[in-house]
Amino acid sequence: MATTDDRQTVLVADDDDDIRLLVAYRMEKAGYAVLQARDGQEAVSLALEHRPDLAILDVMMPRLDGYEATRQLRAREETKRIPVILLTARAQEDDVQRGFEAGADDYIRKPFSPQELRARVQAILGRR
């Protein structure tokens with residue numbers, strides 16, 4: 001869903017303020033409108049209300065983790081087509097597999113390169 005100024009919207013959810021603000025800043029600098037959430041439940045609520053073009057979710061968050069938030073987004077007609085990138089320190093092969101099984105479109109490990117994150121966001125949104 002485009003914002004009123006026609007920019008694509010990215011939802012950024014992370015309970016770590018520093019990481020959330022860094023990702024939001026990088027996305028805004030890349031030209032996207034940004035919505036921010038501090039936990040998975042808030043992310044799902046914002047997605048239902050605003051229908052962002054893409055969601056970047058941390059895995060380890062309070063209330064709902066990124067896996068469950070992704071499953072809830074996939075389960076709802078209004079949000080099931082929103083691409084999801086999981087951004088997390090959980091980097092074991094089982095964690096990555098669990099992310100894709102929950103419905104994630106991509107999985108980026110922390111620490112991450114902001115340039116790589118931007119490139120992956122652009123690649124996913126460019127395919128839509």
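At what angle do helix 2 and helix 3 pack, and how far apart are their axes? The model is a predicted one, in which local features need pLDDT of at least 70 and side-chain atom pairs count only at pLDDT 80 or more, while totals for chains, interfaces and linings use all residues. Residues are numbered from 1 along each chain as its sequence is written, and side-chain values use heavy atoms, with hydrogens and water left out.

Helix 2 (residues 40-50) packs against helix 3 (residues 66-75) at an angle of about 20 degrees, and their axes lie 9 Å apart. Helix 2 is therefore roughly parallel to helix 3 (angles under 35 degrees count as such). The crossing of helix 2 past helix 3 is right-handed.

One cavity of 30 Å³ or more is counted, a cavity being a set of points on a 1 Å grid over the protein atoms alone where a 1.4 Å probe fits but cannot get out, with lining residues having an atom within 4 Å of a point. The volume of the largest cavity is about 40 Å³.

By class, the lining residues of the largest cavity are seven nonpolar, no polar and two charged; among the lining residues are Val-12, Asp-14, Ile-56 and Asp-58.

Ala-91 sits in the loop between strand 4 (84-88) and helix 4 (93-102). Because its relative accessibility is 32%, Ala-91 counts as partly exposed (between buried, under 20%, and exposed, over 50%, with a 1.4 Å probe and protein chains only).

Terms used. On a 1 Å grid over the protein atoms alone, a cavity is a set of points where a 1.4 Å probe fits but cannot get out, and a pocket is an open set with protein on both sides within 12 Å along at least five of seven lines; lining residues have an atom within 4 Å of a point. Grid points are joined across faces, edges and corners, and a volume is the space filled by probe spheres set on the points. Ala, Val, Leu, Ile, Met, Phe, Trp, Tyr, Cys and Pro count as nonpolar, Asp, Glu, Lys and Arg as charged, and the others, Gly among them, as polar. Helices (H or I, at least four residues) and strands (E, at least two) are DSSP runs, numbered from the N terminus. Axes are lines fitted to C-alpha atoms, for helices over the stretch in contact, and angles run from 0 to 180 degrees between N-to-C directions. Angles under 35 degrees count as roughly parallel, over 145 as roughly antiparallel, 65 to 115 as roughly perpendicular and the rest as oblique. A crossing is left-handed if the near helix is turned anticlockwise from the far one by less than a right angle, and right-handed if clockwise.
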